[in-house]
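Hi,

Here is the structure I promised to pass on. My notes on it follow below.

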Amino acid sequence: MPSHTTEHIRNFSIIAHIDHGKSTLADRLLELTGTVSERDMTTQVLDTMDLERERGITIKAQAVRMSYRARDGQDYELNLIDTPGHVDFAYEVSRALAACEGALLVVDASQGIEAQTLANVYKALELGLEIVPVVNKIDLPQSEPATVAQEIEAVIGIAADQCLLVSARTGAGVAEVLEAVVRSLPPPTGEQGAPLRALIFDCKYDPYRGVVVYVRMVDGVLSAGSQILMMAGQGTFTVDEVGVFRPGMESVTELTAGEVGYLIASIRNVRDSKVGDTITETRRPAQVALPGYRQASPMVWAGVFPVDSDSYQDLKEALERLQLNDAALTFEPETSAALGFGFRCGFLGLLHMEIVQERLEREFDLLLITTAPSVAYRVQLREGTAVEIDNPDQLPDPEKVEWIEEPRVKVEVVAPREYLGGIMELCQERRGEFGHLEYQPGDRALLTYDLPLGEIIHDFYDQLKSRSRGYASMDYHLSGYRREQLVKLDILVAGSKVDALSAIVHRQQASNQGRRLVQRLKQVIPRQLFEVALQAAIGGKVIARETVPALRKDVLAKCYGGDITRKRKLLEKQREGKQRMKRIGSVEIPQEAFMAVLSLDR
Amino acid sequence: MTAETPPRSPRSLYLHIPFCSQRCPYCDFAINLSGEALQDRYVGALLEELKLLRGGTRIELDTVYLGGGTPTLLRPELLERLLSFVFSQFSLSGSLEVTIEANPEGITPEMVRLWLSLGINRVSLGIQSLDDATLRWLGRGHSASSAVDAIRSCRVAGLENLSCDLIFAVPDQDSGGFEASLRRLLQFHPEHVSCYELTVEQGTPLQREVKAQRRTGPSVDAYLRERRLAVELLAGAGLDQYEVSNYARSGFQSQHNLTYWKGLPYLAAGSGAHGFLAPDEGWRLGIQGGGGGLRYWHLRDAATYIRAIAAGGRGIRGHEWLSAAQVELERLACGLRLSEGVDLQSASQLARARELALMGLVEIAGSTVRATTGGVDVLDRLTLELSAA
């Protein structure tokens with residue numbers, strides 16, 4: 001069996017914006033190295049979740065090992081760690097980068113570098129990674145590879161003539177990418193003989209085998225039978241199997257310093273294998289753990305409740321399972337007078353939230369109601385203590401509150417100059433404060449704004465896209481907290497307050513928001529057998545009212561031979577819709593109602 | 001579950017006659033316009049299918065229903081061939097009801113006498129309206145006066161069980177049109193009246209026109225007003241509502257249609273026809289499997305149906321075995337349409353029915369629930385409420 005030295009290992013990931021062709025390039029690399037036979041070739045090989053393929057995005061980081069004979073005649077082991085591109089999943093990128101020595105920077109030849117990509121490149125540079133720039137999609141008629149290469153040189157400082165020009169779609173230039181990986185990226189450093197140190201960069205739960213831990217070996221050797229210790233978690237386990245991804249799991253006798261692979265050790269408990277932790281051996285433990293990386297912290301919180309209250313325990317177990325694959329997901333029990341027992345979940349952003357909800361429903365067969373996401377407010381109480389509130393309903397009475405602070409973010413936007421006007425207008429509408437503006441080579445500009453986080457969590461990204469015809473991109477990070485005049489908006493349905501519909505809004509916008517919220521609710525709450533009053537109130541004072549009129553007629557005149565089947569199918573469909581609704585008092589409220597606060601036209 | 005077990009063999013037979021002289025703009029039924037040439041072969045195919053359905057067993061029929069289409073377009077000798085075949089192949093109960101659907105245009109006393117002589121004892125006349133403006137709006141080929149002539153022909157020939165269809169809530173007509181039609185119709189003392197509100201069906205010319213806003217669709221206001229008017233006027237004339245759209249003098253309820261609403265099995269033959277068989281009767285169609293009942297339906301195109309039968313098949317387009325839950329949903333959906341109501345089968349159903357009774361939508365008598373006049377308007381929702389309980 002040929003033993004790899006680290007000299008012949010290259011660990012790299014791909015940094016790219018959504019749609020810049022990362023998954024296609026990865027597919028080509030797998031093909032060229034014969035890792036996946038042509039017969040088994042599906043598109044987006046590494047996006048294994050149904051959701052990823054449907055949405056054309058990468059959610060989870062994935063790893064794959066490729067064997068490559070380079071032009072120098074030597075055999076190399078290339079480990080590609082695939083990373084997500086959406087702004088919500090930036091933390092997955094950091095995890096992947098920490099396990100690599102280099103990265104391919106893939107930029108669309110007709111689009112240029114996007115804000116998100118730039119942020120990830122800086123992350124990679126901070127971690128000391130070597131960058132190989134790849135200009136993709138050169139086969140497209142509107143591509144301008146030279147301009148994009150210039151831009152890369154101006155922004156990142158890598159000479160334009162070092163950019164590889166490829167078309168992942170046609171395969172042109174892809175062979176050069178493999179050569180560049182071998183030539184330009186350094187092999188991993190690490191000592192085979194030193195005490196074991198392996199970085200956990202991901203893990204997933206396999207219902208039959210327990211936790212599969214994705215590791216990047218730094219020092220030492222790991223094999224079946226090793227007694228391992230989680231340096232932060234302190235758990236000890238016996239390794240049952242080690243292996244590599246090709247791209248399916250394939251067991252090997254050992255993993256050595258520099259390699260990327262997995263281990264299985266009958267780890268059953270979710271909390272026992274923390275991503276970012278260092279694995280060592282109990283027999284000869286390492287003295288110093290590897291630098292972990294900062295745990296991504298949630299930016300928005302929402303209540304997740306089973307429609308059927310009997311499913312509470314199932315939901316709890318499902319969340320625990322998901323959390324194993326998704327380190328950024330947090331949850332704790334929550335009780336709502338309206339929705340019963342559920343969980344307050346923390347998410348990185350709205351896409352993250354949608355994906356978690358969809359996975360819970362699909363993979364665990366749960367019917368859920370999710371409340372509108374909220375940011376976390378800092379509330380200074382008159383009695384002197386301060387509390388953090390991520391659930392609008394828990395905002396204390398106004399007379400007990402000294403002040404409320406809301407979280408703000410610094411948003412960086414990269415966009416062609418012609419769209420700056422519309423984008424600045426959008427930022428102003430969302431209570432933003434202008435930061436600075438910087439022109440970049442080509443026709444593009446980097447714009448920064450300081451905005452309340454609550455103003456960008458919902459449709460800001462979509463708005464940004466629509467006001468720039470898809471050309472603008474953004475990145476953001478928390479910049480601090482600021483005191484604002486905030487109030488709680490309550491919603492009463494048929495005379496009773498529904499806690500799950502409460503929202504925290506700016507005082508100046510409160511009555512306007514209240515009015516539009518009840519109007520919106522009127523549109524989404526279906527007619528009941530009786531009239532339903534909808535009211536918006538602030539501090540007990542009703543500021544807006546709408547009425548959902550009673551259902552007047554739904555019966556059909558004829559119900560003969562074939563009509564019966566038609567009617568039954570219609571009723572079955574309606575019953576399914578009804579099961580998705582939550583009965584609050586005597587009113588059935590659909591999921592959309594709980595999100596209504598997000599979809600108010602401005 | 002139910003107190004009485006449903007009879008295993010069907011006691012009703014539906015025969016579909018797909019021929020029409022024109023396509024009405026609101027109609028989405030399975031019909032064929034170029035009928036003349038097909039008629040012989042079509043009736044031949046029907047007889048073949050009936051033989052297969054009977055499968056050598058004895059079936060006693062309470063009702064036969066010739067629907068369409070326009071069954072009266074069938075040439076007299078073909079009508080005779082069809083009915084005499086049915087009467088020779090099946091046993092007949094003492095109170096046999098044989099209905100034919102008819103369009104008013106060109107109906108003469110002689111035609112009605114012929115039907116009576118063939119054993120038909122009930123005529124369902126599609127007069128739709130006795131108001132010419134309404135008939136024009138509906139795109140019907142007949143006038144109010146020809147409808148009146150048709151009614152007279154039936155009476156002159158001695159028909160004792162006449163049903164007339166009316167359409168109400170027709171837009172662009174002041175409600176006077178329907179009220180006047182109904183009052184005029186009652187002067188002829190029909191034994192049975194069906195009042196259907198205009199329904200805009202998917203894929204009909206009417207639906208395209210409403211969608212393109214060239215025509216107004218029916219309004220709920222007109223529906224509510226005119227339906228209450230119908231209930232009142234008809235009751236005053238001795239015709240009580242016994243189903244959402246159907247009114248009859250005592251003893252003249254449509255026995256055939258009641259089998260649909262009571263969830264009883266019925267045979268159906270002919271293009272586009274839907275039938276329903278008891279759980280252990282799948283063999284009649286050569287269909288394996290089981291469940292709470294078997295619904296089946298035929299190929300919609302007459303020529304295709306004829307070819308399928310000629311090739312030794314049954315002309316079946318599809319079938320569905322019902323689960324217990326589906327049987328229950330159908331039981332509620334159909335049973336609630338009847339003024340006699342439907343049995344409540346669980347304590348939770350009774351509890352939900354009591355809530356609905358407080359809202360004035362249903363009445364409960366013992367273990368039976370029935371929709372009130374207001375409840376009938378929202379029958380789908382009532383069905384869902386009770387089926388969820």
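Let me start with one pair: B:Thr63 stands opposite B:Glu97 of S3(B). Strands S2 (residues 60–68) and S3 (residues 91–102) of chain B pair in the parallel sense over six bridges; pairing here requires that DSSP finds at least two bridges between two strands. Helices (H or I, at least four residues) and strands (E, at least two) are DSSP runs, numbered from the N terminus.

Before going on, please note that this is a predicted model, where local features need pLDDT of at least 70 and side-chain atom pairs count only at pLDDT 80 or more, while totals for chains, interfaces and linings use all residues. Residues are numbered from 1 along each chain as its sequence is written, and chains are lettered from A and ligands numbered from 1 in the order in which they are written.

In chain B, nine strands form an open sheet with mixed pairing, in the order S7-S8-S6-S5-S4-S3-S2-S1-S9. Its edge strands, S7 (240–243) and S9 (267–269) of chain B, each pair on one side only.

Then there is the interface: 35 residues of chain B are in contact with 23 residues of chain A (C-beta atoms, placed from the backbone, within 7 Å). H14(B) gives the largest share of chain B's side, seven residues. Helix H14 spans 379–388, and helix H8 (220–236) of chain B is among the other elements that each supply at least two residues.

Happy browsing!

Methods
Two residues are in contact if their C-beta atoms, placed from the backbone, lie within 7 Å.
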